[in-house]
Amino acid sequence: MADFDFDAALRWARLDPQRTLARRPDDRLPFVDGNPIGGPGLLFDTSVYIDRMQGRVPAELRQLLGHRQANHSTVAVQELMHSVGALNPADIRTPVAIAQIRLVIKTMAPHRVFAPDPGVLGRAALLSGMLCRLQGYAADHKMRALQDCTLFLQAQKLGLAVLTANVADFDILLQLIPSGRALLYRRV
């Protein structure tokens with residue numbers, strides 16, 4: 001594959017600490033605060049869309065979203081569409097949820113939606129494999145780890161910060177790749 005260098009990915013993998021990593025205290029993590037001005041553009045994790053639809057976004061985050069450039073990943077679109085497919089058609093709440101997801105996806109500016117390239121996909125697969133081994137992730141967590149790693153590395157390549165409520169997993173990614181950027185928030 002022309003866009004993926006296997007040997008370069010293996011050299012890149014030297015970041016492997018070969019031990020389980022622990023979540024750090026909140027005061028050592030990059031949480032959204034009351035100062036939204038300045039900083040990189042944002043690449044939304046799926047949690048942002050879900051929390052916005054469910055009204056669980058804190059005031060600091062709403063303020064931040066008015067000041068920073070919002071960007072979207074096809075990874076998040078894929079996760080949202082998976083939810084549409086997984087919803088029970090017999091549940092009376094399903095049509096409302098599908099309508100909300102449709103609106104979220106339709107309002108994404110096409111020039112702000114990015115797909116990960118083969119290099120990001122290859123390195124994300126390698127990183128998620130390491131993460132699953134180091135952290136002892138169960139089978140149900142492995143796909144989520146792959147998607148998180150893809151989003152994290154995609155944001156790094158684009159010069160963006162991942163905006164997410166997934167504090168535990170993105171803290172581990174920030175420990176493995178300190179040059180990556182994530183901005184964390186707590187749901188209300």
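Predicted model: local features only at pLDDT ≥ 70, side-chain atom pairs only at ≥ 80, totals over all residues.
View 1. Look for Asp26 and Arg186 here: their closest N and O atoms are 2.6 Å apart. The two come from distant parts of the chain, 160 residues apart. Asp26 belongs to the loop between α1 (6-12) and β1 (42-44), while Arg186 is in the segment after β5 (182-184). Asp26 is partly exposed, with a relative accessible area of 35%, and Arg186 also counts as partly exposed, at 41%.

**View 2. Arg187 meets Asp51 in a salt bridge.** The N-to-O distance for this pair is 2.7 Å. Arg187 lies in the segment after β5 and Asp51 in helix α2 (residues 46-53), so the contact ties together parts that are 136 residues apart in sequence.

**View 3. Asp169 and Arg144 form a salt bridge between two helices.** Here the closest N and O atoms are 2.8 Å apart. Asp169 sits in helix α8 (residues 167-176) and Arg144 in helix α7 (residues 139-158), with 25 residues separating them in the chain. Asp169 counts as buried because its relative accessibility of 8% falls under the 20% cut-off. Arg144, at 39%, is partly exposed.

**Across the views.** The structure holds eight salt bridges, including the Asp26–Arg186, Arg187–Asp51 and Asp169–Arg144 pairs shown here.

Technical notes. Residues numbered from 1 in each chain as written. Heavy atoms only, no water. Salt bridge = Lys/Arg side-chain N within 4 Å of Asp/Glu carboxyl O. Helix = DSSP H or I, 4+ residues; strand = E, 2+ residues; numbered from the N terminus. Buried < 20%, exposed > 50% of the residue type's maximum accessible area, 1.4 Å probe, protein only.
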